[in-house]
Amino acid sequence: MKDIYLKEAGELISFIEKSPSRFHAVEAAHLVLNGAGFQELDIKEKWKMKSGGKYYVTKNDSSMAVFIVGNKPVSNAGFKIIGSHTDSPAIRIKPNPEMTVGETYLKLNTEVYGGPILYSWFDRPLGLAGRVAIQDEETGKIISKPVKVDKVKTIIPSIAIHMNREVNSGFTVDKQKDLLPFITSIEEITKKFDLKQMLSEQLNVEKERVLDFELYLYDMAQGQIIGLDNDMISCSQMDDLAMVYASLKALIEAPVGESTKIAMFFDNEEIGSKTMQGADSPLLSSILERITLGMGEDRESYLRALENSFVISSDMAHALHPNAQEKHDPTNKPLINGGPVIKISTNFRYTSDSESAAYFESLCKLANVPVQRFVNHSNERGGSTIAPITAGRLGIPSVDIGNPMLSMHSIKELCGVMDHHYLIKVFQEFYK
Ligand code: CO
């Protein structure tokens, strides 16, 4: 495997390691952007922008837009947008989570976020990360801080096969009973454990000022490059942080051009996007309109800009499974390391049409990268993603694409090392 491919795969793994929650993913992007000369805008303030300026803005700590303003009027030059999502299926800690078993065991109450493959969450060390709402000592205002709780290293233990003989012929998970992480077996700790107290110590604030939290379990085992030729990446949350990272990297390295170039990272794709920071919110349309107005153009220019724009909606795609070929379409079987995948659905659960797909294919040709197509096996319903929502809201032509992946929504997902490199090249071509 070429060194450059391995270097980029290593960078992706390290970005994901810094992103145990969606809030950390936004923070990790924030650090990369500060280092690359991008300026943060406050979503509540008036934006002053200049041609060629590089900016980013966040919404509710978990969605983010990064952009480079073009040097031609936006009404004609339009927006070049790559969309992806920061959230992944997960297990969240409920409020008042402490549950004891007898006098000694302590476990935490949880709730499932999105659609994880639940069996993959058993028997592996899990950490705790997310954000905490704190009352600021000086202003009295409520502020949020990302937190990775150092002291919690937990696990969801399986039931021994001797007590569950049917386990290998179909395992039904009771979400309220089976998914509670076991956090200590020491009676003295169990007796006085208080999660808010632990958070207050970690953040170095008084307990009374820790008002609330959004904490999720995450996989503590680092991602790895595997395969006989170091050809595959096994890592958590690649749906969709692999696309977040690829588009971020491409945008940072992009030159200033005529169009305004945007990488948009949405939260809440995994639960249908209907939140104030999700794709089914005014977030993207507001940002596009504010960029237009911030450059001294008017609403007519904004509406024309939409007609001159393009969205690449990037979310992972299903690769041919070596042990389940019957699940795939008979003539369209994307392979790992076969290049990015254009996703097509006649019922428009994906937005690609023949014109937008042809455009994406032409970008791949220019970038000298192979391209593949995915359609569902006709008896499989398949998934959907952010673009049908943004296309429905904004009317911008778009294509749904993603890198081929196995084990989608497992705690460890599997992708190709070469595909990651290919897609960065295609994104760079789009942003040229
Ligand atoms: Co996804």
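Here is a walk through this predicted model, from its metal site out to its strands and cores. Local features need pLDDT of at least 70 and side-chain atom pairs count only at pLDDT 80 or more, while totals for chains, interfaces and linings use all residues. Residues are numbered from 1 along each chain as its sequence is written, and side-chain values use heavy atoms, with hydrogens and water left out.

Let's start at the cobalt ion. Its donors are His 85 (NE2), Asp 239 (OD), Asp 315 (OD) and Asp 315 (OD) again, at 1.9 to 2.7 Å. Donors here are N, O and S atoms within 2.8 Å of the metal (3.2 Å for Na, K and Ca); water is not among the atoms, so sites may look incomplete. The angles among the four donor atoms run from 53 to 142 degrees, and the site is irregular. To count as tetrahedral, four donors need all angles between 85 and 135 degrees; square planar (four) or octahedral (six) needs opposite donors over 155 degrees apart and all others between 65 and 115, and anything else is irregular.

Along the chain, the donor residues are spaced H-x153-D-x75-D. The two aspartates link distant parts of it: Asp 239 belongs to helix α7 (residues 238–252), and Asp 315, 76 residues apart, to the loop between β14 (310–314) and β15 (317–318). Helices (H or I, at least four residues) and strands (E, at least two) are DSSP runs, numbered from the N terminus.

Now for β14 itself. Five of its five residues are buried: Phe 310, Ile 312 and Ser 314 on one side, Val 311 and Ser 313 on the other. It runs parallel to β4 (residues 79–85), joined by four bridges, with Gly 83 partnering Ser 313. Four bridges also join β14 to β18 (residues 398–402), again parallel; there Val 311 stands opposite Ser 398. Strands pair if DSSP finds at least two bridges between them.

Ile 312 also turns up in the largest nonpolar core, of 55 residues, alongside Val 66, Met 238 and Phe 360 as those with the most contacts inside it. Such a core is a set of buried Ala, Val, Leu, Ile, Met, Phe, Trp, Tyr and Cys residues joined through side-chain atoms within 4.5 Å. Helix α7 gives the most to this core, with ten residues. Apart from it lies another core, of 29 residues, including Ile 134 and Leu 179.

Conventions: Buried means under 20% relative accessible area, exposed over 50%, partly exposed in between (1.4 Å probe, protein chains only).
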